[in-house]
Each structure stands twice: as structure tokens, then as C-alpha cells.
Amino acid sequence: MSLSGGIAVPGFQVHITGSTIVGAGYAAAAWWIGDMPPMTCALAGGLCAVAGMMPDLDSGPGIPLKESVAFAAAVVPMMMLHRFHQMGLPMEGMILAGALIYLAIRFGMSWLLKNYSVHRGMFHSLPAALIAGQVAFLAFSAEDPLRRYFISSAVILGFLTHLVLDEIWSVKLGLFGPKVKKSFGTALKFYGTEAWSNLLSYVLVIVLGFLASKDASLTERMHTMRQQVEQASRQYAPTQAPWQYRR
Ligand SMILES: [Zn+2]
């Protein structure tokens, strides 16, 4: 346990351990029960683990900030490869777009976080968890809509794990039963104390939600179209090659 500004918070190790365990469980369950491809499960588990560090991006320069920003800068462009491909970008365009996103996250986001974020502000909130999930949903485009929901839920799950751990740490078991600390209720919340950041968060939730729902209906339509084409072509090719069988 570490102390930051008089508020007892679980440290970086607690968070990364917690969200890694939850992420591994989520990935394993999806593989065994949900019949998800193992690679998709592994990606979801990893994203859940990383998302467990994200809320503490507001705690100023330190390991979580440096590591998560660098990680996001590297992984987000890769998650967007399929998206770039859909946009019809040539290889050179994909490399340029990837590099630009890397720079924007690596330097732009670090600068914003260092200068404008307040610890236990809106980064520690339910709308922030939703925003993280919506961004993942928009960045990660897959042919199968279910895979997109699965991946973005992994990010939300990791984020929520962090918030829940923060709340658990704010309840201390004393001699006379549980004692609640000052920080109780500052992680799992719908709004914070600053009006502008509340407004910004909800505007983001609505705008991203609108974009995500537009995008979702598009992928669902493409998915049905592809299934129809597959069905039609199957009529002409009744025997499947052995490598086409699914697990
Ligand atoms: Zn936290």
C-alpha cells in the first residue's frame, strides 16, 4: 500500500495483479465457454490487464503514466491496422497513420495528462470506463461484431477492476468494524467535483457512443452480407477442405 496526498491507495503492483487475474479469467472463460478464437482471448486478457492501470494515469508522472502511455502508443496503431485497411490506405499510408497516432499518444496524451488531470478526478469514474471501452471498440474493427464487443468489454472490465480495488482499499477494517476513509466513493462514481470535467466526460460518452453505434450497425450489416455470400457460395462447393473446419 502506498500513500499519495494523504489518500491511501493500492499501489501499481496491486492493480496490475488484480486486472491480470481478472483478464486471465475473462479470456479463459471466453475460450472454454464462448468458443472465441484463442488469439482473440489472449488479446482481450492482455488489454484487460493494461486497462487496470489506466485510471491512475491521473496520478502524475510515474510508472503507470510512463508505461501505459508508451504501451497505448504502440498497441493502438496496431489495433487500427484492420481499420486502415478498410479505409483503403496503401501500406505507406498505414505506416504514416500509425506513426502519427503513436506520436499523438506518446507526446500529446502525456502532455495533456501531466498538465490537466486531477488525481481521483473523472479518470476514476464510471463514464471514464465507458469512454475507454468505446475508444477500444472504435479502434478495433473486426469482421465478426461479437469480437469487437468482446474486446471492448475487456477494456471496461480492466478499468472497473481498478475502480473496485480503489474502493476496497478505502475501507479499512478497524477494531470496531469497517472504517471508511476519506477516499471512499471517489473511484466508482458518476460525476466528480469539477463541472468542466464532468461536462467533458459526458459529452465524450455521447459523441463516442454515437460514433460507435453508427460503426456497429455498419459492421453488423457487412457481417450479414458476408454470411449471405458465404452461404450462396457454399451451394456451389458442397465439400469443405479440411483446413476450413472450425474448432
Ligand atoms: Zn486509482
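The following exercises, with worked solutions, concern a predicted model of a single chain.

**Exercise 1. Overall content and confidence**

Task: State how many helices and strands the chain has, and identify which element has the lowest mean pLDDT and which the highest.

Solution. 
1. The secondary structure amounts to eight helices and four strands.
2. In sequence order these elements give the pattern β-β-α-α-α-α-α-α-α-β-β-α.
3. The mean pLDDT of the chain is 84, and 87% of the residues reach at least 70.
4. Among the elements, strand β1 (residues 2-4) has the lowest mean, 43, while α2 has the highest, 94.
5. Over residues 1-6 pLDDT stays under 50, and the model shows nine contacts beyond four places in sequence for this stretch.
6. Where pLDDT is low, predicted coordinates should not be read in detail.

**Exercise 2. The sides of helix α1**

Task: Determine which residues of α1 are buried and where they lie around the helix axis.

Solution. 
1. Helix α1 has 21 residues, and the distance from its first C-alpha to its last is 30 Å, close to the 30 Å expected at 1.5 Å a residue.
2. The buried residues of α1 are H15, S19, V22, G23, Y26, A27 and A30.
3. Because these residues cover an arc of only 135° around the axis, they lie on the same side of α1.
4. An α-helix has 3.6 residues a turn, so residues three or four places apart point the same way.
5. On the face turned away from the buried side are the exposed residues Q13, A28, A29 and W32.
6. The cover over the buried residues of α1 includes α2 and α7.
7. V14, also in α1, has 18 C-beta neighbours inside 10 Å and therefore counts as partly exposed.

**Exercise 3. The largest nonpolar core**

Task: Identify which elements give two or more residues to the largest nonpolar core, and which gives the most.

Solution. 
1. The largest nonpolar core has 42 residues; A44, L47, C48, A132, A154, V155 and F159 have the most contacts inside it.
2. The elements giving two or more residues to this core are α1 (12-32), α2 (38-51), α3 (63-79), α6 (126-139) and α7 (145-169).
3. Helix α7 gives the most, with nine residues.
4. Not counting residues up to four places away in sequence, A154 touches G23, Y26, A44, L47 and C48.
5. In soluble globular proteins, nonpolar side chains tend to be buried together.
6. For the chain as a whole, 30% of the 247 residues count as buried.
7. Of the contacts with a separation of 6 or more, 72% join residues 24 or more positions apart.

Note on methods:
Residues are numbered from 1 along each chain as its sequence is written. This is a predicted model: local features need pLDDT of at least 70, side-chain atom pairs count only at pLDDT 80 or more; totals for chains, interfaces and linings use all residues. A nonpolar core is a set of buried Ala, Val, Leu, Ile, Met, Phe, Trp, Tyr and Cys residues joined through C-beta atoms within 7 Å. A residue is buried if 20 or more other C-beta atoms lie within 10 Å of its own, exposed if 12 or fewer, and partly exposed in between; C-beta atoms are placed from the backbone. Two residues are in contact if their C-beta atoms, placed from the backbone, lie within 7 Å. The expected span of a helix is 1.5 Å times one less than its number of residues. The arc is that of the directions from the helix axis to the C-beta atoms. pLDDT is the predictor's confidence in each residue, from 0 to 100.
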